[in-house]
Amino acid sequence: MPSSTSSALPLPSGWRLDHSYAQLPTRFFARVQPTPVKAPKLLLLNRPLAGDLGLDPALLARPEYAGWFTGNSLPPGASPLAQAYAGHQFGNFVVLGDGRAILLGEQLTPRGERFDIQLKGAGRTPYSRGGDGRAALGPMLREYIISEAMHALGIPTTRSLAVAATGEPVYRETARTGAVLTRIASSHIRVGTFEWAASTGEIELLRALADYTLRRHYPELLSAEQPYVAMLRAILQRQAALIARWQQIGFVHGVMNTDNMALSGETIDYGPCAFLDVYHSATVFSSIDYHGRYAYANQPEIAHWNLSRLASAMLPLLHADEEKAVAVANEVLEEFPENFEAHWLAALRGKLGLCNQERGDAELAQKLLAIMQEQRMDFTNTFRDISENPLAIDTSAASGEFGVWRARWQERLRREPQDLSEAQALMRRNNPAFIPRNHKVEEALAAATDRSDLSLVEKLVDVLAGPFDYQRHFPEFSAPSITGDAPYQTFCGT
Ligand code: AMP
Ligand code: MG
């Protein structure tokens with residue numbers, strides 16, 4: 001990484017901010033200061049993450065530093081900016097940019113990593129369009145809870161360092177408590193960043209962005225014969241792996257616009273996302289996703305489509321001759337389905353405790369999903385149940401088909417070379433005992449926003465930090481939603 005200030009010694013607080021993104025041509029960002037708020041108050045601090053970043057959690061928690069988490073004051077070495085980007089939102093191209101997020105810089109950690117430190121909800125920027133630049137407490141706590149749960153589940157994701165209240169209301173349908181989230185990301189370069197660069201028609205901007213992305217996320221490809229083609233392929237592979245992980249865990253992102261797809265391969269932008277309770281492949285939670293564009297089962301296809309937007313933006317870099325560039329792009333893009341399927345099948349084998357590969361495995365897994373869908377079975381708990389009692393014989397009359405499937409799977413398990421305890425250990429590493437249950441998330445958010453009681457959020461975060469911990473017993477955190485038949489709905493309400 002080119003680094004302007006990285007030679008600076010870490011300060012006592014541990015801040016060591018660098019600014020490699022700001023070395024891109026200036027059109028990639030706008031320098032902007034956060035807008036101070038009335039009464040900054042730190043509500044949640046992710047102490048283990050702070051430590052990993054090289055920051056001193058005890059110091060960060062001191063009231064005099066609460067302003068760091070709203071933008072009222074800046075940590076040493078910060079140089080705030082908002083990033084330019086565009087994106088396809090529900091299929092339509094829009095020029096966007098950070099309308100309410102402000103990058104303070106890139107923290108260089110003691111382990112030599114580099115992470116964006118971004119304040120989400122820190123005030124208006126030149127890209128705010130009609131927006132107020134602010135965020136409400138509920139959605140910021142939601143992002144904190146879910147992103148940290150995803151991390152604990154082993155899924156690449158942006159992280160959450162802190163949530164701070166602003167002491168000011170934000171106005172949505174009603175007045176809400178205002179808050180700022182401190183988001184940590186490997187970077188905020190999106191498919192939409194490339195779309196923006198391409199939309200300028202200036203190939204030098206595109207090339208600068210591609211070179212920067214290569215250096216930051218794919219340095220091993222700098223010496224490839226065709227680094228840009230190699231990077232497109234590597235991005236595609238990371239996305240195929242990522243979406244397979246989502247599917248494996250029952251995660252529905254909800255707003256897979258191209259501006260919400262990070263080229264680092266991390267899950268980003270937790271808006272209307274939610275986890276499956278009962279399994280149904282067409283599940284949609286977001287109230288604004290009228291046509292189910294971002295339904296659970298569509299996620300791989302949408303990721304593929306988003307990657308085709310990226311390839312299209314990158315065309316001038318792929319080959320000097322446009323026709324040849326298109327051919328190269330298509331050749332890479334065609335690899336997605338097979339790539340995804342391989343990850344998906346590997347993930348399902350893990351969930352079913354299989355390390356050997358047999359031809360019928362995909363069908364065995366698909367059959368289970370079909371039964372779960374038809375019998376409205378809970379996705380997480382079905383896998384949890386077979387992980388806890390692999391050899392149990394299903395006798396309940398209601399689950400006839402499932403009983404037949406289970407016997408077939410047990411037979412398959414017996415053909416495995418490893419003993420049952422190993423298969424079970426594999427399953428317990430792949431089938432969480434705890435996920436962010438929608439009703440538990442809602443309950444915790446309601447306590448925080450209605451009664452300023454953060455204890456439920458803290459408890460939930462604690463349970464979700466150990467999603468594979470089968471030794472802990474929290475029946476209320478593993479029970480499926482109690483809302484009965486009313487489908488769960490999420491609202492952008494940002
Ligand atoms: P999102 O739906 O969070 O991915 O945001 C999509 C776009 O809308 C991004 O450019 C955001 O910066 C912008 N945006 C969302 N909420 C606000 C807000 N309250 N004020 C300004 N811009 C916003
Ligand atoms: Mg976004």
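At what angle do helix 6 and helix 9 pack, and how far apart are their axes? In this predicted model, helix 6 (residues 227-249) and helix 9 (residues 336-351) pack at an angle of about 35°. Their axes are 8 Å apart. Axes here are lines fitted to C-alpha atoms, for helices over the stretch in contact, and angles run from 0 to 180 degrees between N-to-C directions. Helices (H or I, at least four residues) and strands (E, at least two) are DSSP runs, numbered from the N terminus.

Residues are numbered from 1 along each chain as its sequence is written, while chains are lettered from A and ligands numbered from 1 in the order in which they are written. The model being predicted, local features need pLDDT of at least 70, side-chain atom pairs count only at pLDDT 80 or more, and totals for chains, interfaces and linings use all residues; side-chain values use heavy atoms, with hydrogens and water left out.

Helix 6 passes helix 9 in a right-handed crossing. A crossing is right-handed if the near helix is turned clockwise from the far one by less than a right angle, and left-handed if anticlockwise. Contact means heavy atoms within 4.5 Å. On the side of helix 6, the contact is made by Leu 236, Gln 237, Gln 239, Ala 240, Ala 241, Ile 243, Ala 244, Gln 247 and Gln 248. They meet Phe 336, Asn 339, Phe 340, His 343, Trp 344, Ala 347 and Lys 351 in helix 9. The residues of this contact between helix 6 and helix 9 divide into nine nonpolar, six polar and one charged. Ala, Val, Leu, Ile, Met, Phe, Trp, Tyr, Cys and Pro count as nonpolar, Asp, Glu, Lys and Arg as charged, and the others, Gly among them, as polar.

Two further helix pairs involve helix 11. Helix 10 and helix 11 pack at an angle of about 125°, with axes 11 Å apart. That angle makes helix 10 oblique to helix 11. Angles under 35 degrees count as roughly parallel, over 145 as roughly antiparallel, 65 to 115 as roughly perpendicular and the rest as oblique. The crossing of helix 10 and helix 11 is right-handed. Leu 368, Leu 369 and Met 372 in helix 10 meet Phe 379, Thr 382 and Phe 383 in helix 11. The residues of this contact divide into five nonpolar, one polar and no charged.

Helix 11 (residues 379-388) also packs with helix 12 (residues 400-414), at an angle of about 45° and with axes 13 Å apart. These two helices are therefore oblique to each other. Helix 11 passes helix 12 in a right-handed crossing. Thr 382, Asp 385 and Ile 386 in helix 11 meet Phe 402, Trp 405, Arg 406 and Trp 409 in helix 12. The residues here divide into four nonpolar, one polar and two charged.

Trp 405 lies in helix 12. Trp 405 is buried, with a relative accessible area of 2%. Buried means under 20% relative accessible area, exposed over 50%, and partly exposed in between (1.4 Å probe, protein chains only). Apart from neighbours within four places in sequence, Trp 405 is in contact with Leu 352, Leu 364, Lys 367, Leu 368, Ile 371 and Ile 386. Trp 405 and Leu 364 are 41 residues apart in sequence, yet 8.1 Å apart in space, C-alpha to C-alpha.

A metal site is also present. The magnesium ion (ligand 2) is coordinated by Asn 260 (OD1) and Asp 269 (OD), at 2.1 to 2.2 Å. Donors are N, O and S atoms within 2.8 Å of the metal (3.2 Å for Na, K and Ca); water is not among the atoms, so sites may look incomplete. Asn 260 counts as buried because its relative accessibility is 12%. Asp 269 is buried too, at 16%.

Gly 254 lies in the loop between strand 12 (251-252) and strand 13 (274-275). Gly 254 is buried, with a relative accessible area of 5%. Beyond neighbours within four places in sequence, its contacts are Pro 272, Ser 286, Asp 289, Tyr 294 and Gln 299.

Most residues other than glycine have a negative phi. Arg 129 has a positive phi, near 50°. Arg 129 sits in the loop between strand 8 (114-120) and strand 9 (135-136), and is exposed at 54% relative accessible area. Arg 376 also has a positive phi, of about 50°. Its place is the loop between helix 10 (361-374) and helix 11. Arg 376 is exposed, with a relative accessible area of 52%.
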